[in-house]
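Please open the model in your viewer and have the selection tool ready. We will walk through some aromatic side chains, stop by stop.

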Amino acid sequence: MRHIMWVLRVCAITAGLSLVSQSAQANTMSASTRPPLKIAAQNSAQPVSFDARPPVRTQAPSLAKTVSSDAGLQLWITEFKPRAVAQGIDLSVLDRALRDVNYDAKIIKRDRNQSEFTKTIWDYLSTAVSDLRIKNGKAALQKHAEIFEQVEAKYGVEKEVVAAIWGLESAYGTFRGSDSVIRSLTTLAYDGRRGEFFEGELIAALKILQNGDTSAQNMTGSWAGAMGHTQFIPTSFLAHAVDFDGDGRRDIWSDDPQDAIASTAAYLAHFGWEKGTPWGVEVTIPDTFDYLLANRDIAKSPQEWANLGITGTHGSIKNYGLASILLPAGGDGAAFMIFGNFEVLESYNTADAYVIGVGHLSDRIKGGAAIKSGWPFDDSALTLTQREDMQRLLTAKGFDTEGIDGKIGPKTVNAVRAYQVSEGLRPDGYASPALINRLQR
């Protein structure tokens, strides 16, 4: 369930961050193979692509899906109802929730355009951890101090971390999304490209209605079905949402954020958050560093890293346990020593940029320093076509990326490293425009 917030959350972040920015202007030991530190290699940074979609699964063909239209959607709903009833949804709930649902072509257009959304990590962080978002985060903590204190005491998750997620997901409740979740999920399930996944989310949304947590009218969120203050998808809500205020409903949609705040903390606690341990710490890399060690599968204690010349940029690093070294923009950008809580945040969203954004925003809300190191600002983000071309070129040269999907995950990073080693380059795994130019020679 590590993908639990999946790309629905990514959609909310990528599309939502632009909304949030508008809101901001308006509102003013030796190497080991991942022992306890199960930091899974995901997007080993680079220019960040927020395309983390689940695999496409095929379903039996349906006549309803031959034409994307209102008429086709109504046919699909007729076919869907028996499947929903078989999974425990009352027919009366189905009829009420789906009675006025219509096909929304805008949702499909946005879904199709996701893969082209690309930002460099420094562009992303400039919005995610803006001065105004830090200021508003501190204000939100002060305004809801009692709730945050109670939630932290109960779930063992620092209030600043929960506040940071709230800040990135909805600008502290300012932009919770106004699309009908039922309409969005029905349209996406009918569309079929990821129909099985979205049908599962639609079933979960109907169960939420059946449980009485909210009404179909009030169940609003992002265009892709992420809901409420901290943008839970329906299956995540069913698994982790809590009724913190004791009113008998798990309400993450209302102006009162306490159920959403508590649900977010409960979610992180479930995935193993360790209070008192940082998500990561900015570090300084020596000139003599072996960049092959900057690998998510290699974990050492802070002292062992210090013995290799890696020191905290803002002071010494306590022994928080095993850690890996992450280079989000290669050897010319900021470096981080990341701990187990990094992976916990990944369960919310797998993109490295998001995890760093949440972690760094929480640090800044707490009064921590800004990232000190610079970034390779002259580099541009790679487009989907460029990423796919890079994978083809690497594979053709004998450095198999094990697929051409435009996603810079661990297999592609390993292929990049192997190519860099073969060329006598710094093996930092960074997929830059310069790397593509070299591959094309």
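Start by selecting Phe399: its relative accessibility is 19%, so Phe399 counts as buried (buried means under 20% relative accessible area, exposed over 50%, partly exposed in between, with a 1.4 Å probe and protein chains only).

Now show both rings. The centres of Phe399 and Tyr419 lie 5.7 Å apart with the planes at 80°, so this pair is edge-to-face. Rings of Phe, Tyr and Trp (its six-membered ring) pair if their centres lie within 6.5 Å; planes under 30 degrees apart count as stacked, over 60 as edge-to-face and the rest as tilted. The pair links distant parts of the chain, 20 residues apart: Phe399 is in the loop between α16 (384-396) and α17 (410-422), and Tyr419 is in helix α17. Helices here are DSSP runs (H or I, at least four residues), numbered from the N terminus.

A word on the model: it is predicted, with local features needing pLDDT of at least 70 and side-chain atom pairs counting only at pLDDT 80 or more, while totals for chains, interfaces and linings use all residues. Residues are numbered from 1 along each chain as its sequence is written, and side-chain values use heavy atoms, leaving out hydrogens and water.

Next, select Phe232, Tyr267, Phe271 and Tyr348, which form one aromatic cluster. In total, the structure holds 17 aromatic pairs.

For a last stop, pick Lys300 and Trp305: the charged end of Lys300 sits over the Trp305 ring, 5.7 Å from its centre. This requires NZ of Lys or CZ of Arg within 6 Å of the ring centre and within 35 degrees of the ring normal.

Conventions. Helix = DSSP H or I, 4+ residues; strand = E, 2+ residues; numbered from the N terminus.
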